[in-house]
Amino acid sequence: MRRPAVLGSTPAFPQGLPFARPSTPPLERVVARLRPSYERGALTNGPVVRALEEAVADRLGVRHVVAVSSCTSGLMLVLRHLADGAPTVLPSFTFSASAHAIAWTGGRPVFAECDPATFQLDVASARARLAPGGAVLATHVFGAPCPAEEIESLAGAIGAPVVFDAAHALGARRRGRAIGGFGDAEVFSLSPTKVVVAGEGGLVSTDHDAVAEAVRLGRDYGNPGDYDTRFVGLNARMSELHAALALESLADIDENLARRGDIARRYREGLEGVPGVACQLVDEGDESTYKDFTVAIGPELFGLTRDNVARALKHEGIDTRAYFWPPVHRQQAYAHGEPVVLPVTDDVAGRVLSLPMFPDLSLTDVDCVVDVIGAMTAHAPEIIERSPD
Ligand SMILES: *Cc1c(COP(=O)(O)O)cnc(C)c1O
């Protein structure tokens, strides 16, 4: 068994193992895709953006895909149209942008618990917090689908709108159905760490004509073309440059998803026998994009806390992230007023660790990360003694 670098031996990755690497297509392909628009002087919201919207709508089997400047702006435009300042129930175990989009549209984020095994919005907790006149915003956490149909029926019972933060989930499937077709709208991100990249960008996916129309108008200041703005919109257009990168990145999505799936399987097989390491549970029959591969460390069994493990991995040259710590309700932007009590979320957020995940991560490197983690639990008492918290 190898000896952990934190105890003074050679790091497993002296050159470093990055946490993520953007899945960028060859630049020549991006330039070729962009060239016709560029030479015509069409720089934003032109034919390449249209082609991207059509390609994604075809893939997902939805009526409308509207490209925007980011997932955050897409969520803002959708929520402005559907929820318009309503108290909106969302998980606290998500990225801050989910809550920001609610707050920027004048709504009040109402934080609910997550499930300790899937890390997804806890439906019972959401039900207890959803009041008539409210809305729901649920995240497909780390690319694994949340229980979308349960959330739809919970909201449907009181006529509340449902939006999904699908930032991680382009390419995921819930019980055979593509993510993108659930709720009133789903919003994907194309920022650099996501599965398909545009540099910056977002995609609103919806079967509802009125939602699509509101986002098309809203991304262009609310101006339908006559400069008589119909509501307070944004500049949330996507540029042709971003769309050209996104289209070429999309062309590689199946290959990249397959690689991510293989890497995730290898991590699972390797970590299965390690006490105190629980991989995110993906519901039976669902397909995750594995935007992130995230485990929960149980210190009682593993012998070390999440923070101990992250620090020891750093010594090995292995880069990790504690996604999502701190949970949103504990961030300074939200931790004021009446304290929000979410013990399950606090516990999960204190134990999670996302491991290196990107399509060209080799299975040999995955095996090495697994071995290093195994060696860590074996040397836990010595590690604590050497570098106490
Ligand atoms: C990245 C991310 C966002 C924000 O996406 P942008 O395109 O950067 O605005 C929103 N929600 C979640 C869950 C994310 O991970």
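Helices (H or I, at least four residues) and strands (E, at least two) are DSSP runs, numbered from the N terminus. Phenylalanine 324, for example, is placed in the loop between α11 (306-315) and α12 (343-351). The structure is a predicted model, in which local features need pLDDT of at least 70 and side-chain atom pairs count only at pLDDT 80 or more, while totals for chains, interfaces and linings use all residues. Residues are numbered from 1 along each chain as its sequence is written, and side-chain values use heavy atoms, with hydrogens and water left out.

**Backbone geometry**

Most residues other than glycine have a negative phi, and most peptide bonds are trans. Tyrosine 323 and phenylalanine 324 are joined by a cis peptide bond with omega of about -5 degrees. A cis bond also leads from tryptophan 325 to proline 326, with omega near -10 degrees. Proline 326 is located in the loop between α11 and α12.

Asparagine 45, a residue other than glycine, has a positive phi near 50 degrees. Its place is the loop between α1 (27-40) and α2 (47-60). Asparagine 45 counts as buried because its relative accessibility is 19%, where buried means under 20% relative accessible area, exposed over 50%, and partly exposed in between (1.4 Å probe, protein chains only). Tyrosine 290, likewise not a glycine, has a positive phi of about 50 degrees and lies in the loop between β10 (277-279) and β11 (293-297). With 12% relative accessibility, tyrosine 290 is therefore classed as buried.

**Ligand site**

Thr72, Asp165, His168, Ser189 and Lys194 come nearest among the 13 residues around the ligand; a residue is near a molecule if one of its heavy atoms lies within 4 Å of it. The shell comprises four nonpolar, seven polar and two charged residues. Here Ala, Val, Leu, Ile, Met, Phe, Trp, Tyr, Cys and Pro count as nonpolar, Asp, Glu, Lys and Arg as charged, and the others, Gly among them, as polar. The table gives polar contacts, that is, pairs of N or O atoms within 3.5 Å.

| Residue | Protein atom | Distance to a ligand oxygen atom |
|---|---|---|
| Cysteine 71 | backbone N or O | 2.9 Å |
| Threonine 72 | side-chain N or O | 2.5 Å |
| Serine 189 | polar side-chain atom | 2.7 Å |

Taken alone, the ligand exposes 390 Å², of which the protein buries 90%; these areas come from the Shrake-Rupley method with a 1.4 Å probe.

**Glutamate 149**

Helix α6 (residues 148-156) contains glutamate 149. Glutamate 149 counts as partly exposed because its relative accessibility is 24%. Between glutamate 149 and glutamate 287 there are 15 Å in space, C-alpha to C-alpha, and the two are 138 residues apart in sequence.

Note on methods:
A polar contact is a pair of N or O atoms within 3.5 Å; within protein, one must be able to donate a hydrogen and the other to accept it, and residues adjacent in sequence count only if both atoms are side-chain atoms.
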